[in-house]
Amino acid sequence: MGEIASGVWHWRAAHREWQPGQTWDRMVSSYAIDTGDDVVLFDPVDPPAELRERASAVVLTCPWHRRDAPELGLPIHVPPPDPPDPDPVRGEVFRGGETLPFGIRSFEAFEPNDLVLYVERRRAVVAGDTFIDLGDGLVVHPDWPGPGVTVEEVLRRLRPLLDLPVDLVLPAHGDPADRAALERALS
């Protein structure tokens with residue numbers, strides 16, 4: 001775990017459901033961000049003890065990124081579940097276009113419950129499955145848009161991020177990146 005910018009922490013851990021042959025790396029990224037009044041964990045897998053102790057909430061970028069969130073005993077903010085989900089994550093549901101109490105804005109990406117988040121206080125974009133880095137730089141994952149959604153549609157939905165002051169891009173599948181990487185990914 002390391003503090004990659006003031007009030008922003010990153011760590012990597014093995015995803016328990018990963019299987020050989022999947023189109024993403026076994027090691028996934030999680031983040032903690034100090035939003036001013038709260039320390040929020042994003043898509044956490046095995047969060048370090050010092051961050052668990054400081055955290056006041058968990059925010060998921062998509063409901064299937066439940067990972068360790070339910071076991072942490074913290075309030076959870078989660079996009080709507082996939083129907084029919086027999087075991088949805090219990091928490092405060094939010095949707096694209098909404099702003100969470102922590103000053104986090106949400107943008108719809110691949111589908112209505114796959115969201116990209118903007119944390120204004122830290123000028124950071126947090127992305128679950130939308131952005132991925134498989135070794136050639138940050139891209140919109142070409143194979144993961146929802147049914148009937150094209151990569152071009154996802155790019156159109158997310159281009160408003162370029163109107164915001166962004167310093168960091170924090171993907172779950174890859175290492176932290178910068179604004180230039182976001183600009184390339186959305187071009």
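## The β1-β2 hairpin

Two residues lie between β1 and β2, which form a hairpin, and Gly7 in this turn has a positive phi of about 75 degrees. This is a predicted model: local features need pLDDT of at least 70, side-chain atom pairs count only at pLDDT 80 or more, and totals for chains, interfaces and linings use all residues. Residues are numbered from 1 along each chain as its sequence is written, and side-chain values use heavy atoms, with hydrogens and water left out. Strands (E, at least two residues) and helices (H or I, at least four residues) are DSSP runs, numbered from the N terminus.

The pairing of β1 with β2 is antiparallel and has three bridges; two strands count as paired if DSSP finds at least two bridges between them. Gly2 has His10 in β2 as its bridge partner.

## The seven-strand sheet

An open sheet of seven strands runs in the order β1-β2-β3-β4-β5-β6-β7, with mixed pairing. Its edges are β1 (2-5) and β7 (92-93); each has a single partner strand, so one side of each is left without a neighbour in the sheet.

Within this sheet, seven bridges connect β2 (residues 8-14) and β3 (residues 27-34) in the antiparallel sense. Ala14 is opposite Met27 in β3.

Strand β9 (residues 114-119) is largely enclosed by the rest of the structure, because six of its six residues are buried (buried means under 20% relative accessible area, exposed over 50%, partly exposed in between, with a 1.4 Å probe and protein chains only). In a regular strand the side chains alternate between the two faces of the sheet. Here Asp114, Val116 and Tyr118 on one side are buried, as are Leu115, Leu117 and Val119 on the other.

β8 (residues 104-111) runs antiparallel to β9, joined by six bridges, and a two-residue hairpin links these strands. Ser106 has Leu117 in β9 as its bridge partner. With β10 (residues 124-133), β9 forms four antiparallel bridges, and Val116 is partnered by Ala127 in β10. The β9-β10 hairpin has four residues between its strands, and Arg123 in the turn has a positive phi of about 50 degrees.

## Helix α2

Val154, Leu155, Arg157 and Leu158 are buried in α2 (residues 151-158). Seen down the helix axis, the buried residues of α2 fall within an arc of 160 degrees, so they line one face; the arc is that of the directions from the helix axis to the C-beta atoms. The face turned away from the buried side of α2 carries the exposed residues Glu152 and Arg156.

The buried residues of α2 pack against β8, β9, β10, β11 (138-140) and α3 (179-185), where contact means heavy atoms within 4.5 Å.
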